[in-house]
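Hi everyone, thanks for coming.

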Amino acid sequence: METLDCRGQACPRPVVETKNFIEANVSVPLEVLVDNDAARTNVSRFAASRGYRVAVSEGEGHYRLTLTPGETVSVAPEPEIVPHRSGMAYGPRVVLFGSETLGRGNEQLGQVLAKGFFYTLTQADQRPDCLVFINSGVRLSCLGSPVLDSLEELAALGCRIISCGTCLDYFGLKEQLAVGEVGNMYSIVDLLNRASHLITLN
Amino acid sequence: MGPETSDDAGVYRLGNLALVQTVDFFTPIVDDPYLFGQIAAANALSDIYAMGARPLTVLNLVAFPLAQAASGVLEQVLLGGAEKVAEAGAVILGGHTIEDDEPKYGLAVTGVTDPDRVLTNATARPGDALILTKPLGTGIIATAAKAGLASEVAVLAMHETMRALNKPAAEVMARHPVNACTDITGFGFLGHLSEMTAASHLGAVVFAGQIPALPTVAELIAMGMVPAGAYHNREFYACRLAEDSLTPEELDLLFDPQTSGGLLISLPEEAAESLLHDLQGAGVAAAWVGRMADHPGKKIQVRR
């Protein structure tokens, strides 16, 4: 019988070694030597989860685990492998709103949809970290906006709300801004560059 | 208040102000340096929140290999930390860096509160409800990630919970009649609850089915993805479990060491619903997980 010597190894390495062996040698009996309680329990559990019977005997300063393939050994593990992440994958989640209505085609419908959109965001499990309003989108963060209640709630929940200063000037709305802060193109570009997720709505 | 009660931070009275001080740092637990900085800072700040205080100033503690000094990695770690400190409303006064082959990062944090409102783990009352403000399972998912067996959903959920500040929970807690508080870190849920019961001279009842868990944790436990620290916690704290409790072998999740875990809040039962409501309103996924009890032997009974 094949023996895997996992003495001196810390978790999860003994499990990984066992996993590699049983995936490369389907339905082959195996002995695993481990020298700590955590590894003994973890390897036993892993083997059982893959359809092996496990017998444990105690040796001098180690445990000997005998793994015998059962009738329903599950060969194919189904883990989703975690993709490697690097750089700024953990930047903020940003929604960029380029218009005061949602979607094109019918303006009245677009207003209703925008209202529903921001209300739904307040209830969502995953909320954005930042909302950015440009062009006529800035009307949504100003006095008289039909979505002001939802934006205030999002702000209270920790969401940053940024309205484009140039756009507020253009529409003469600078004094009417009711929630969040004024941003310039530099800070908006910086934010979009750092975003891990960017959703653009027009 | 000093080290004798196994509390989260030290407290020094300065006139009518209580100065609350703590320090925590560790080696990287995730690959992404920015995320590591965020998690280390959230973890260090947590002790201040657990004492019912508000963080004011921090000092960075850094160990880093000289050979990698120009790689930009350290800047990312510090940037992540600084972002969390800003979110906490505290300021970085400075810090200290030493050369070390193995990187380490953390913070020394100073907070303040009203001396009459310092929260410790020693003042829980019999009958108090126990509220937990973050799901458990970060140690188990981290172990599975090392083995290449964690799903992306599980890993992202672990990252989110580890980098989340306990600030919103602490701010809500300040508006409620809380008797005692601690935060859940390396000793796991049952370890920190044991410290709270011992310091308060009480026992407790825990509803295992009510304990919130990160995604896929039950499957990962069945696959043997339990970190060695959970076994150490189990060994050390098993003697605190009542005889009519679930057995230690069934309680891997409750012994799982947490990084930047949630607050464990003890408050009168009649105030619990209101606290839960307000926590949920602040975006904190809190759960009612047990109660303090004055039963004989001061043990912890875990029910299904």
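**A walk through chains A and B**

Let's start in chain A, where β2(A) and strand β4 (residues 62-69) of chain A run antiparallel and are joined by five bridges. Two strands count as paired if DSSP finds at least two bridges between them.

A word on where this comes from: it is a predicted model, in which local features need pLDDT of at least 70, side-chain atom pairs count only at pLDDT 80 or more, and totals for chains, interfaces and linings use all residues. Residues are numbered from 1 along each chain as its sequence is written, while chains are lettered from A and ligands numbered from 1 in the order in which they are written.

Back to that strand pair. Which residue of β4(A) is the bridge partner of L30(A)? That is L67(A). Likewise, E31(A) has T66(A) as its bridge partner in β4(A).

β2(A) also pairs with strand β1 (residues 2-5) of chain A; here the two run parallel, with four bridges. In this pair, L4(A) has V32(A) of β2(A) as its bridge partner. To get from β1(A) to β2(A), the chain passes through helix α1 (residues 13-24) of chain A, in a right-handed β-α-β crossover. Right-handed here means that, with the strands pointing away from the viewer, the path from the first strand over the helix to the second runs clockwise.

Now put the strands together. They belong to an open sheet of four strands with mixed pairing, in the order β1-β2-β4-β3 (chain A). β1 and β3 (52-59) of chain A are at the edges with a single partner strand each, so one side of each has no neighbour in the sheet. From one strand to the next, the twist averages 20°. For angles, axes are lines fitted to C-alpha atoms, for helices over the stretch in contact, and the angles run from 0 to 180 degrees between N-to-C directions.

Two helices go with this sheet. α1(A) lies across β1 and β2 of chain A and runs at about 170° to β2(A). Helix α2 (residues 37-49) of chain A packs on the sheet and touches β2, β3 and β4 of chain A, its direction making about 160° with that of β3(A). Contact means that the C-beta atoms of two residues, placed from the backbone, lie within 7 Å.

Stepping back, chain A has six helices and nine strands. Its radius of gyration is 29 Å, whereas a compact globule of 202 residues would have one near 17 Å. That radius is taken over C-alpha atoms, and the globule rule is 2.2 Å times the number of residues to the power 0.38. Along the principal axes, the C-alpha atoms of chain A fill a box of roughly 80 × 30 × 25 Å.

**Over to chain B**

Chain B has ten helices and eleven strands. How does its radius of gyration stand against the globule rule? The value is 19 Å, close to the 19 Å that the rule gives for 304 residues, so chain B is as compact as a globular protein of that length. Its C-alpha atoms fill a box of roughly 60 × 55 × 35 Å along the principal axes.

Look next at strand β3 (residues 54-64) of chain B. Nine bridges join β3(B) to strand β5 (residues 104-113) of chain B, and the two run antiparallel. In that pair, T57(B) stands opposite T110(B). β3(B) is also joined, by eight bridges, to strand β4 (residues 91-99) of chain B, and these two run parallel. There, V62(B) has T97(B) as its bridge partner. With helix α2 (residues 73-88) of chain B, β3(B) and β4(B) make a right-handed β-α-β unit.

There is also an open sheet of six strands with mixed pairing, in the order β7-β9-β6-β10-β8-β11 (chain B). β7 (180-183) and β11 (300-303) of chain B are its edge strands, each with a single partner strand, so one side of each is left without a neighbour in the sheet.
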